[in-house]
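Here's a quick briefing to read alongside the model. Keep the 3D view open and follow along, topic by topic.

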Amino acid sequence: MAQATSPPEVVQEDRSRRGGYSSDAAGLGRGRAAAFVAPALLLIAVFLVFPALWVLYLGLTNYRLTGAAAAEPQFVGLDNLIEAVTTPELWNSTWLTLQFVLGSAVIGQVVLGFTIAWLMRDRTGPLKRAVEGLVILAWILPSAIVSFLWVALLDADDGTLNAMLGIPGFPWLLDHPMLSIIIFNTWRGTAFSMMLYGAALGNVPPSHLESARLAGASGWQQLRDVVFPHIRGHILTNLLLISLWTFNDFSPFLLTAGGPDGRSEVLAVHVYKVALQSGELGHGAAVSTVILLINLVVAVFYLRLLRSKK
Amino acid sequence: MVRKRSMSVVAAIAAAGLGLAACGQSSGGGGDTVELTIAANAIAGGKNSASAEHITKWVIPKFEEAQKAKGKDVTVKFVPSGVDDEQYKTKLSLDLKSGKGADVFDFDSIWVGEFAEAGYVKPLSEFVGPEADSWDGWAQIPGAVQEMASFNGKKYALPVGTDGRVLYFNKTLFAKAGLPADWQPTSWQEILDASAKLKSAGVPVPIQLNAGTAMGEATSMQGALPLLAGAGGEVQQDGKWSGASQPVKDVLGLYQKIYGGGLGDPKLQQEAKGRDKSFQQFAEGEVGILLEGDYFWRSVVNPKTGVAPMADRDQTVGYAMIPAIEPGKGIHGQDFVSMSGGGVRTVNPNSAHPKEAFELLTFMLSPDALREETKDGNMRITPRTDVNKEILAGDPLLTFVSEKVLPVTAYRPPLAVYTQVSVALQEATAAIVSGTAPDQAAADYQKKLEGIVGGAGNIAS
């Protein structure tokens, strides 16, 4: 990736002469460049910007799924937003979502994904293919099917896990709802991190590792002083992507439906419950606005980290 | 190259959009063939399996046949669902909101108001024609049952059935406590007395009266609302909602006597599956008295098809009418009270063939169709008195409900905000179970109510 996007020699000369990037590296001219990006921008506008603005607007109305407010929503200003941020449910869900992101994405998927990539880095042959195949299979299967399998695995009375452990009747999804969905999501999403780190490790020059080994560096020292500095950008990009994905992930609903008593009601599930189950679309849109802001903060945080030491 | 790819992406998305639109289309209008769809929260082998099979195996072939005899080519398709009522409601609302949905669909009568206010359903006579009002079946449907399918005095749907609530009791436990097998309390005090006797006879749960939010609408329908009717109150009367009124305080007071006095099991009210568990405990002979609808008799303790079957149901399970707080103190000066709900079925205002769809609607409520639907132990109270007389004779409880309970029953206000008020009421009972005093819980309820119904002006206390 890094090589493919580095500018050709000509441009570098150009830059040194003018003391900055050329504004027209490809030599297309303003009009044709605009024509090139127009379709993409249009798609982004229609499918990303417009819905986001629409959510902002809906959050200011009392729009409902049914009843008079469904036919003629009224403008209520910031009422929804104030109600959303003053109810404890939202902050409870935010806290659960943080646990979910930290537990399943930042710790679970990253650590497991990196470990698999590191252990498999020099291997070839059937073992590597089998491990990678299984991990990727967990990632590409449709959510509905996967969660059905996990419900069958964790069910209290007839679950496979309880049958294997010999503890029939232990209600995993009721007694440990967060732990269940964290392990589920770690299993589900590890493939992305594994593949990304697998590719990143290929970029670490073998000669550096060799020199470190000759200098007597232990396994951990090699990782810390040679490998991590090389793949720092990959780690941050990976963290950014999987944090945002996990933050907005709805599949925990398929396992626990947010229960029992809201103990696994992560934000995505909370919005669904408010907007669609209770039918308060306006209130749900206000909650979505809060989520949008949290997502922006997370994204800015990672992007700054990514830039800070370039 | 880039541009080409983007264009093909656009084309693909547009194609997908068209495909989706085509999928959502309820019925085609082309040619002489009339295509109709029926949606219900029923699915063969799952939820309400019997009624799904009745539709696919009897209604559809017979209706198509009858239409063919009249020279019309009609094909009917069934769109099954097998999900929670709330999810079915969400799906239905989204379908109707986007101007799509099945031509004929079933829904809970309590949604009539909010669907009508949203414009999702319309008065039948407005788009079906005068035949909607002149249908001969109306004469067989009692006024209160018609009311379930109406909103602001207009008929939006046809009622599919109704139910009533009674006090069930375990005759074996009653004998142990020295109580009569033909028990019929005439005041709340008599219920409390019987519960106390059951308690001293060692019955683990003397009385189960649904409370709390975990049981959802079951707390309102099989708890707070029938009691409120018994205390002479209604959740909404003459356009005003009852706040911290005396009837509300009386109801919460009774909850407090039951759950504060060790006559009921407070934990059971908080568990996620508390209601199912209470059914199980009743079937196992651990619950003395339980307030439920006829559903309990038909589908819970039914020895053949119940979820908590009792082989000796007919001998062991007794039932009594729910008394007012004191004789003559119930709503409309009644001695006994009940609450009723039920399903309704209507024609989608977006249907391309409203007349044929309405014919299908009435066909499904013809005596023949109802007789066919309720045979082989699938007994339920149909909306038609003529059919009920015939089919309910074999079942003592359903006869009791239809003859004694339905004449004194009451219905929930068919308004959109009702569902929110109901949750507030459930929260008030939850507060009592966890130890709050009735007056405090009533005051909290009134406060919440003000937020829901738009200020103190809409509340009578």
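How many helices and strands are there in chain B? Chain B has 21 helices and 17 strands, where helices (H or I, at least four residues) and strands (E, at least two) are DSSP runs, numbered from the N terminus. Chain A, on the other hand, has 16 helices and 0 strands.

This is a predicted model, in which local features need pLDDT of at least 70 and side-chain atom pairs count only at pLDDT 80 or more, while totals for chains, interfaces and linings use all residues. Residues are numbered from 1 along each chain as its sequence is written, and chains are lettered from A and ligands numbered from 1 in the order in which they are written.

**Chain A overall**

- Chain A has 310 residues, and 29% of them count as buried. A residue is buried if 20 or more other C-beta atoms lie within 10 Å of its own, exposed if 12 or fewer, and partly exposed in between, with C-beta atoms placed from the backbone.
- Take the contacts in chain A with a separation of 6 or more: 67% of them are between residues 24 or more positions apart. Two residues are in contact if their C-beta atoms, placed from the backbone, lie within 7 Å.

**How confident is the model of chain A?**

- Mean pLDDT for chain A is 85, with 91% of its residues at 70 or more. pLDDT is the predictor's confidence in each residue, from 0 to 100.
- Watch out for residues 1-19 of chain A: pLDDT stays under 50 there, and the model has 8 contacts beyond four places in sequence for them.
- Where pLDDT is low, the predicted coordinates should not be read in detail.

**Helices and a loop in chain A**

- UniProt, in an unreviewed entry, lists residues 33-57, 96-119, 131-153, 165-187, 231-247 and 281-303 of chain A as "transmembrane region". UniProt positions are given in the numbering used here, feature names are shortened, and annotations may be inferred rather than shown by experiment.
- Two of those spans are 100% helix and 0% strand: residues 231-247 of chain A, with end C-alpha atoms 24 Å apart, and residues 281-303 of chain A, with end C-alpha atoms 32 Å apart.
- Helix H15 (residues 267-277) of chain A is mostly covered, with 8 of its 11 residues buried. Among them are Leu267(A), His270(A) and Lys273(A).
- The buried residues of H15(A) pack against helix H6 (88-119), helix H14 (252-256) and helix H16 (281-308) of chain A.
- Just after H15(A) comes Gly279(A), with a positive phi of about 75°.
- Is Gly202(A) buried or exposed? Gly202(A) is exposed, because 11 other C-beta atoms lie within 10 Å. You'll find Gly202(A) in the loop between helix H11 (177-201) and helix H12 (206-214) of chain A.

**Chain B overall**

- The C-alpha atoms of chain B fill a box of roughly 80 × 55 × 45 Å along the principal axes.
- Of the 461 residues in chain B, 50% count as buried.
- Chain B splits into domain 1 (31-156 + 342-373) and domain 2 (165-340 + 414-460), with bounds from an automatic or database domain assignment.
- The contact between them takes 7 residues from domain 1 of chain B and 5 residues from domain 2 of chain B. Helix H4 (residues 112-118) of chain B gives 4 residues, the largest share of the domain 1 side.

**Strands in chain B**

- Strand E15 (residues 343-347) of chain B is largely enclosed by the rest of the structure, because 5 of its 5 residues are buried.
- Gly343(B), Arg345(B) and Val347(B) cover one side of E15(B), with Val344(B) and Thr346(B) on the other, all buried.
- In a regular strand the side chains alternate between the two faces of the sheet.
- E15(B) pairs antiparallel with strand E3 (residues 104-108) of chain B over 5 bridges, and with strand E6 (residues 158-159) of chain B over 2 bridges. Two strands pair if DSSP finds at least two bridges between them.
- Val344(B) in E15(B) is the bridge partner of Phe107(B) and of Pro159(B).
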